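This briefing covers selected features of one protein chain, grouped by topic. Please consult the sequence and structure shown below alongside the points that follow.

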Amino acid sequence: AAFLGVEMKCARCHDSPTNKSMQEDLFQLAAMLGSKEIELPLTSSVNMDRFKTLTRKPLITVSLKPGTKVQAKWPFAEFCDESAASLASDPKDSRDQLATMITAPQNERFAQVIANRIWSRFIGRGIVEPVDDWEKGKPTHPELLKWLGREFVRGGYDMKKLARIILTSNAYQRTTDTVLKETSPLYTS
């Protein structure tokens, strides 16, 4: 959620009913962080037997059974393909591969998520809301978001440089409308 705007909390115990996150995605990332294969613990699964007595179909599905072994693998090919892992300083270390794929210049999603967080902090509303879950929200100004993300990368991932761009923008320097309860998605004030 912090780096890619993907909400994966549900995937701890079952596949997400509202997002694309599957249990396997979450545990593949966990295996990358742990630098080893992970065995799904008993506490990370919903017992589907208790839903058999219901007359309606359950909203959740469980795709991994406890004890399943999950290998370290990058689950977000749509953001950046695994070839970026070869740029890691230690290509055999899955943690280094993960960090490299998250921050790779071709992974525009990371730069845009960080730019959106900084924008939200200063302006009072993100270009994508909610800032943590991009599957639920769409950008109000996609071109601006893309440009801010590219400026963030071009500035060497320097948050102060990006903050300076936002703080010197016309959008930030507009007069505050004290009647508004929350920031307008059009950023008129």
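A polar atom of the N107 side chain lies 3.0 Å from the backbone oxygen of I102. The model is predicted.

- N107 is located in the loop that runs between α2 (94-103) and α3 (108-123).
- Because its relative accessibility is 1%, under the 20% cut-off, N107 counts as buried.
- Beyond its neighbours within four places in sequence, N107 is in contact with L4, W74, F79, C80, M101 and I102.

**Helix α1**
- Helix α1 comprises 12 residues, 23-34.
- From first C-alpha to last, α1 reaches 16 Å, close to the 16 Å expected at 1.5 Å a residue.
- Q23, D25, F27, Q28, L29, A31 and M32 are the buried residues of α1, and they pack against β1 (38-39), β2 (69-70) and α2.

**The pairing of α3 and α4**
- Helix α4 spans residues 142-154 and packs with α3 at an angle of about 105°, the two axes being 8 Å apart.
- Angles of 65 to 115 degrees count as roughly perpendicular, so α3 is roughly perpendicular to α4.
- On the α3 side, the contact involves E108, F110, A111, Q112, I114, A115, N116 and W119.
- On the α4 side, L144, L145, K146, L148, G149, R150, F152 and V153 take part.
- The residues of this contact between α3 and α4 divide into 10 nonpolar, 3 polar and 3 charged.

Terms used
Residues numbered from 1 in each chain as written. Predicted model: local features only at pLDDT ≥ 70, side-chain atom pairs only at ≥ 80, totals over all residues. Heavy atoms only, no water. Helix = DSSP H or I, 4+ residues; strand = E, 2+ residues; numbered from the N terminus. Buried < 20%, exposed > 50% of the residue type's maximum accessible area, 1.4 Å probe, protein only. Polar contact = N/O pair within 3.5 Å; in protein donor to acceptor, adjacent residues only side chain to side chain. Contact = heavy atoms within 4.5 Å. Expected span 1.5 Å × (residues − 1). Axes fitted to C-alpha atoms, helices over the stretch in contact; angles between N-to-C directions. Parallel < 35°, antiparallel > 145°, perpendicular 65-115°, else oblique. Nonpolar A, V, L, I, M, F, W, Y, C, P; charged D, E, K, R; others polar.
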